[in-house]
Amino acid sequence: MAGENGGRVRRPIITLLTDFGFAGGYVGSMKGVILGRTDAEVVDITHDVPPQSIHAGAFILRSVIPFFPEGTIHTVVIDPGVGTPRKPIAIRSGKFFFVGPDNGVLVPAAKSCGRPEAREINVGKIQKEAVSNTFHGRDVFAPAAAYLAGGGAFEKIGPAVRSYNDLNFGEMRKVTMGLSGICVYSDSFGNMITNIQASEFLKLFKTGDRVSVSVGEIRQVVEFRKTYSDVHPGNPVVLEGSHGNIELAVARGSAQQLFGAQFGTEVLFKKLKF
Amino acid sequence: MAGENGGRVRRPIITLLTDFGFAGGYVGSMKGVILGRTDAEVVDITHDVPPQSIHAGAFILRSVIPFFPEGTIHTVVIDPGVGTPRKPIAIRSGKFFFVGPDNGVLVPAAKSCGRPEAREINVGKIQKEAVSNTFHGRDVFAPAAAYLAGGGAFEKIGPAVRSYNDLNFGEMRKVTMGLSGICVYSDSFGNMITNIQASEFLKLFKTGDRVSVSVGEIRQVVEFRKTYSDVHPGNPVVLEGSHGNIELAVARGSAQQLFGAQFGTEVLFKKLKF
Amino acid sequence: MAGENGGRVRRPIITLLTDFGFAGGYVGSMKGVILGRTDAEVVDITHDVPPQSIHAGAFILRSVIPFFPEGTIHTVVIDPGVGTPRKPIAIRSGKFFFVGPDNGVLVPAAKSCGRPEAREINVGKIQKEAVSNTFHGRDVFAPAAAYLAGGGAFEKIGPAVRSYNDLNFGEMRKVTMGLSGICVYSDSFGNMITNIQASEFLKLFKTGDRVSVSVGEIRQVVEFRKTYSDVHPGNPVVLEGSHGNIELAVARGSAQQLFGAQFGTEVLFKKLKF
């Protein structure tokens with residue numbers, strides 16, 4: 001996994017994405033395990049996924065992976081089922097590896113970059129020490145990521161898994177003169193990201209259009225523009241976000257606060273009648 | 001401190017554990033100082049220890065150090081006495097170094113991994129520039145950690161310290177048909193970690209037992225299980241945590257919210273009468 | 001930019017300072033872009049600048065840069081104007097490079113370390129792929145920082161910029177028997193940092209003096225001391241902060257809470273009458 005780069009050897013990259021928060025020692029313990037076994041570069045994606053929010057973690061993972069170099073090992077620990085018989089798995093798909101629990105959190109990302117091949121992690125193979133019942137991030141997933149970073153063969157990490165738990169963000173639906181989707185993520189600016197692909201949206205609407213937006217009880221007419229600053233501060237705006245999905249935002253404000261949407265809330269975009 | 005690892009040279013590791021928060025520039029300044037003086041790998045343990053909470057920092061430090069490789073330099077800046085005559089110290093214990101203020105924050109970790117030898121940091125030796133009265137993380141502790149990471153001799157960092165300030169998490173007590181301890185840490189999931197070693201608890205209780213738990217005015221009967229998901233969501237559970245201590249948790253909820261315990265709150269576990 | 005350090009090659013350093021928060025995938029995407037193009041060491045300064053707070057970001061940047069080694073590339077994405085015609089710029093000043101939007105956020109830091117030379121980033125040159133309208137951190141600034149880290153010539157990053165947007169923290173004013181300034185930053189301890197240089201303050205006051213402090217409607221007599229612990233817990237104190245500016249603090253408490261100041265609030269220090 002090491003390559004040449006301007007005369008310097010590139011270290012393998014392991015990313016971490018968890019719901020542990022940065023406040024305690026859980027992330028630090030995982031990094032210690034990794035750095036004790038490999039010289040990988042450890043990159044924090046985030047540790048502030050809302051506790052046990054598998055959908056939010058899956059969305060963030062899928063949104064970041066296209067930007068990482070070949071061979072990156074993405075490690076996700078959002079794991080409400082830790083200690084139960086849920087399988088620890090590793091997936092190879094496209095140019096990436098994924099390590100985490102078999103609860104679907106890895107799947108949208110793995111499907112987005114290739115044909116996923118999954119294996120159940122043979123814990124005894126990658127971890128000689130005792131495994132706790134409550135912290136597989138440290139005792140199973142960090143060692144598995146380090147095993148892959150150190151050049152361990154994917155085929156030997158454990159037996160192939162025929163079926164694994166799937167997860168999706170729901171399908172957008174075409175409705176009369178519009179599109180219906182759900183809010184799949186709210187970022188730290190309060191921008192509401194939907195599961196509606198911009199490419200579909202652009203078949204119905206063009207930049208500058210005024211669009212009828214309904215979120216629960218709230219209905220507003222909102223402009224479809226290129227960027228946040230194309231409307232006055234405090235005003236809502238619909239735009240193509242950096243994820244390639246349609247976003248609902250408020251210039252220098254929070255759409256989440258204005259519309260009150262959470263994961264799964266339906267968002268309806270319709271053409272205005274004339 | 002550098003070793004071979006698959007043909008690549010491993011860089012020395014410096015960990016940082018502070019109460020600075022991630023919001024300002026304090027952590028960044030420390031990293032700049034370290035990276036300007038050494039090629040160490042800098043690993044954030046956390047910077048979100050509650051302000052000036054020496055006990056919480058000491059607990060987190062002790063919980064993470066076993067997972068780091070030999071030679072790691074653990075740097076802790078939870079330092080309400082900065083600028084007073086409290087000593088800046090470096091400790092060598094087992095395979096690790098520790099750097100921080102002499103207020104006890106380093107001690108539980110240092111004692112857990114060997115026989116601590118402490119030295120007062122000779123600031124003039126490791127820092128040629130002016131030292132502020134308010135930010136020894138940047139002006140004293142980061143330079144001291146970089147000195148050690150660069151291969152500086154521990155014996156030359158300053159004079160040996162005969163006595164340093166101690167800190168402990170209190171002793172659990174055996175009571176009639178039970179064990180009494182205190183809450184030493186609440187993690188970001190709201191799990192309450194006690195100072196009761198699982199090995200002692202297992203002399204009185206076995207997995208599956210129903211246990212009488214008292215926290216302040218609140219008394220509940222709680223199951224002792226292997227992992228969080230062994231009880232229904234919203235229910236409390238007693239288990240052996242990943243720190244090797246007995247934890248009080250709520251499946252997909254927060255024990256801290258349910259029981260309201262803080263650092264030092266007494267937690268009493270007793271056998272049920274028949 | 002690579003130098004020798006104890007036989008090991010030092011990697012170039014890219015710092016990141018944004019208002020993205022750590023909770024989503026934006027920071028991770030930027031790191032992926034950088035690590036896919038260069039072997040730079042990526043250092044987080046902070047991602048918790050209050051959303052779109054250009055002044056706070058500018059202050060933090062200026063406070064950390066003196067501590068980084070020569071050649072460090074400081075990348076700042078606090079960019080409410082993303083997608084508008086505001087220019088993406090790179091600045092060389094003293095021993096550092098700066099990359100970010102032309103909204104003034106880079107300027108106080110760049111001026112503090114040398115004579116800034118600014119260039120508009122030629123996006124087509126450093127980024128072959130499509131550029132989004134909403135996330136130039138990932139699509140413009142990360143590639144530009146990676147270009148410089150990889151040894152790309154500053155002169156070829158784009159055309160020289162004759163004038164760029166300035167930003168300053170206001171000037172302190174001398175008043176009868178005192179100094180008037182503003183609060184330019186509140187750190188995570190609630191310490192209020194002013195734009196008054198300690199060197200000027202020391203012409204009027206000496207350590208141990210009791211000083212009349214006015215913040216809005218609140219007026220208190222506060223001691224000027226060396227460090228936080230020189231007054232009893234809960235008491236306010238004036239001191240020279242680690243930034244070289246005069247700070248208003250509360251020992252083991254929060255001055256921001258006591259005095260209620262925000263960015264721009266006037267703070268007046270006067271001699272007591274006898």
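Which side chains does a polar contact of 2.6 Å join? In this predicted model, the contact of that length links the side chains of A:Asp44 and A:His47.

View 1. Besides the polar contact with A:His47, the side chain of A:Asp44 makes a polar contact of 2.9 Å with that of A:Lys31. Leaving aside residues up to four places away in sequence, A:Asp44 touches A:Leu16, A:Phe22, A:Val27, A:Lys31 and, from another chain, C:Lys31.

**View 2. The open sheet of chain B.** Six strands are arranged in the order β4-β3-β5-β7-β6-β8, with mixed pairing. Strands β4 (41-46) and β8 (117-120) form the edges, each pairing on one side only. On average, neighbouring strands of the sheet are turned by 20° against each other, direction ignored. Strands β5 (residues 73-77) and β7 (residues 96-101) of chain B run parallel and are joined by three bridges; B:Thr75 has B:Val99 as its bridge partner in β7(B).

**View 3. Helices α1 of chains A and B against strands of chain B.** Helix α1 of chain B (residues 26-37) lies across β3, β4 and β5 of chain B and runs at about 160° to β3(B). Helix α1 of chain A (residues 26-37) lies across β3 (13-18) and β4 of chain B, at about 150° to β4(B).

**View 4. Superposition of chain B on chain A.** The copies use different surfaces, as 9% of the contact residues of chain B recur in chain A.

Conventions: Residues numbered from 1 in each chain as written. Chains lettered and ligands numbered in written order. Predicted model: local features only at pLDDT ≥ 70, side-chain atom pairs only at ≥ 80, totals over all residues. Heavy atoms only, no water. Polar contact = N/O pair within 3.5 Å; in protein donor to acceptor, adjacent residues only side chain to side chain. Contact = heavy atoms within 4.5 Å. Least-squares fit on C-alpha atoms with pLDDT ≥ 70 in both. Pairing = 2+ DSSP bridges. Helix = DSSP H or I, 4+ residues; strand = E, 2+ residues; numbered from the N terminus. Axes fitted to C-alpha atoms, helices over the stretch in contact; angles between N-to-C directions.
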